[in-house]
Amino acid sequence: MSGQNKNYFKITVLCDNETTSPDLEKEWGLSMSIQLPDKNFWLWDAGATDLFLRNAEKLNVVPEKAVGLALSHGHWDHTGGMDALMDKGFIGPVYAHAEFASKRYSEEDDGSCKDASFSCRYPGTIIVRDQVELDEGIYMITSIKRRPGLFEATDGLFVDSEKNTVDTVPDDAFLLLDTPSGPVVILGCCHSGIANTLYHMQEVTGINKVHAILGGLHLYRSTEDQKLETAKVIEEFGTELVSPGHCSGNAGYEYLKEKLSCKVIPMGSGSKYEF
């Protein structure tokens, strides 16, 4: 991380499953502020509730003044706070994959199904089918190609309440930042799996080395083999910093901290990064 260069990108975690301070709240959800070198900033996801707005006030971030909002996918824990954001006065564009508002369900521990769909009333969504440059040096990439045999985090996700058809989360997306430190990958839940995500990035951009990976790696229900695959591909891309949050889980974090040769630090509400 570079704190000396005035042309850095600054990332602030507005809400996450864990918190870095007793003054900041936490929830099963994710939201980040991504400030560009010109001081304009974007939002990445909007948490599960309005909690990210309360944290933002304590972190001196004003979410309603963001240039725009990009959604990693349409699940409730990444979009549930959108109505509260609109009520605060946000009128910027919202970027999402075409299927972000599809009906979907998640299986609970007792076998029941919870409606996990997008429920915001905001009408102004801009569709991203493949990739787009949101702003100078910040790209949103979706329609991630799934390669046979590679880990996808889709267990317990369905498009119907009868649990007949698996939800592959086709709207899964990530951000790629072109920073002075090098390429930085920002994840939501990484339902595509990090191997599919990084190989897709490599295919569409030619990038084969990333400086940092931040966000949800969806390892909280993963097997040993899936964790190992995750660690191997992170090493393959020469990553220097990994900060797992949200759905990565404590076991996933500890596994990566033990296995990876790079720096691994936890993520929580209030985490800040400069690249």
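The lining of the largest pocket draws at least two residues each from α2 (76-79) and β6 (105-107). Helices (H or I, at least four residues) and strands (E, at least two) are DSSP runs numbered from the N terminus. This is a predicted model, where local features need pLDDT of at least 70 and side-chain atom pairs count only at pLDDT 80 or more, while totals for chains, interfaces and linings use all residues. Residues are numbered from 1 along each chain as its sequence is written, and side-chain values use heavy atoms, with hydrogens and water left out.

Let's stay with that pocket. On a 1 Å grid over the protein atoms alone, a pocket is an open set of points where a 1.4 Å probe fits, with protein on both sides within 12 Å along at least five of seven lines; lining residues have an atom within 4 Å of a point. Of its 26 lining residues, S106, L157, H218, Y220 and R221 lie nearest the centre of the largest pocket.

Now for the charged pairs. The structure holds 14 salt bridges, each a side-chain nitrogen of Lys or Arg within 4 Å of a carboxyl oxygen of Asp or Glu. In one of them, R54 pairs with E25, with the closest N and O atoms 2.7 Å apart. Because R54 sits in helix α1 (residues 51-58) and E25 in the loop between β1 (10-15) and β2 (31-35), the pair ties together parts that are 29 residues apart in sequence. R54 is partly exposed at 35% relative accessibility, and E25 is also partly exposed, at 30%; this class lies between buried (under 20% relative accessible area) and exposed (over 50%), using a 1.4 Å probe and protein chains only.
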